[in-house]
Amino acid sequence: MQSTVRVKICGLRTPEAVAAAAEAGASYVGFVFFPRSPRALTPDEARALSVDVPSGVAKVGLLVDADDALLDDIDRLVPLDMLQLHGSETPERVAEVRTRYGLPVMKAIGIADAADLSLLDDFAGVADQILVDAKPPTAGALPGGNGLSFDWRLIANRRWSLPWMLAGGLTPSNVAEAVALTGAPQVDVSSGVESAPGVKDLSLIKAFVDALR
Ligand SMILES: O=C(O)c1ccccc1NCC(=O)[C@H](O)[C@H](O)COP(=O)(O)O
């Protein structure tokens with residue numbers, strides 16, 4: 001299958017994983033700045049890793065309800081191309097972050113059932129992209145990166161007002177089906193290319209991208 005689907009590999013922590021993502025053909029790499037995550041990086045660690053990202057591959061910083069102090073640190077140290085806001089940020093906060101840091105913002109929206117779909121429209125005209133992810137299973141779970149899918153039929157045939165990316169429980173085995181069903185122009189994966197939480201498997205990264213080609 002020939003495909004132009006753009007891929008984001010999220011939660012990278014080593015130069016080897018960054019190289020594997022770039023060599024496989026990923027368009028984006030994601031750095032997680034959420035201390036409770038097994039994939040968390042400090043701004044200094046992300047700065048060191050960003051040197052290994054080839055030009056043409058966008059560096060995305062993932063944050064969860066971050067305050068300006070953390071964002072200021074990251075902005076000072078890490079040459080990011082996009083911010084991914086993965087908490088309960090409001091449209092007003094998204095607009096504020098976008099203006100303050102001068103970077104495109106991708107807002108993550110968690111979907112569990114049809115009632116959640118209206119949230120997708122709340123960020124039109126505010127965010128640059130929407131990341132459509134599975135809603136976290138419980139209040140204490142990580143806000144994302146749980147390897148869980150939602151019912152893709154909920155967004156099949158949807159008309160989108162913003163560029164968007166599909167996430168949540170994607171793997172080398174199911175990503176082609178997910179794209180066929182939803183028409184996703186872009187996909188994002190973390191757990192599905194790991195051998196353990198926070199440990200990327202280089203062959204799974206390649207298999208994931210190859211599954212779309
Ligand atoms: O990855 C994390 O640990 C994480 C922590 C807090 C918020 C979001 C997080 N990850 C989100 C992602 O990696 C992706 O954007 C996406 O949700 C895919 O996750 P997965 O289902 O693991 O492929």
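Biologist: Which residues have the most contacts inside the largest nonpolar core?

Modeller: The general idea comes first. In soluble globular proteins, nonpolar side chains tend to be buried together. In this predicted model, the largest nonpolar core has 64 residues, and Ile 9, Ala 21 and Val 187 are those with the most contacts inside it.

Biologist: With which residues is Ala 21 in contact, leaving aside its neighbours within four places in sequence?

Modeller: Two residues count as in contact if their C-beta atoms lie within 7 Å. By that criterion, Ala 21 touches Ile 9, Leu 12, Ala 26, Val 29 and Ile 205. Ile 9 is itself one of the residues with the most contacts inside the core.

Biologist: What share of the residues of the protein chain counts as buried?

Modeller: Of its 213 residues, 40% count as buried.

Biologist: How many helices and strands are there in the protein chain?

Modeller: The chain contains six helices and ten strands. Its radius of gyration is 16 Å, close to the 17 Å that the globule rule gives for 213 residues, so the chain is as compact as a globular protein of that length. Along the principal axes, the C-alpha trace spans about 40 × 40 × 35 Å.

Biologist: Which residues come nearest to the ligand?

Modeller: There are 26 residues around the ligand, and Ser 37, Gly 144, Gly 145, Ser 190 and Ser 191 come nearest.

Key. Residues are numbered from 1 along each chain as its sequence is written. This is a predicted model: local features need pLDDT of at least 70, side-chain atom pairs count only at pLDDT 80 or more; totals for chains, interfaces and linings use all residues. Helices (H or I, at least four residues) and strands (E, at least two) are DSSP runs, numbered from the N terminus. The radius of gyration is taken over C-alpha atoms; the globule rule is 2.2 Å times the number of residues to the power 0.38. A residue is buried if 20 or more other C-beta atoms lie within 10 Å of its own, exposed if 12 or fewer, and partly exposed in between; C-beta atoms are placed from the backbone. A residue is near a molecule or strand if its C-beta atom, placed from the backbone, lies within 6 Å of it. A nonpolar core is a set of buried Ala, Val, Leu, Ile, Met, Phe, Trp, Tyr and Cys residues joined through C-beta atoms within 7 Å.
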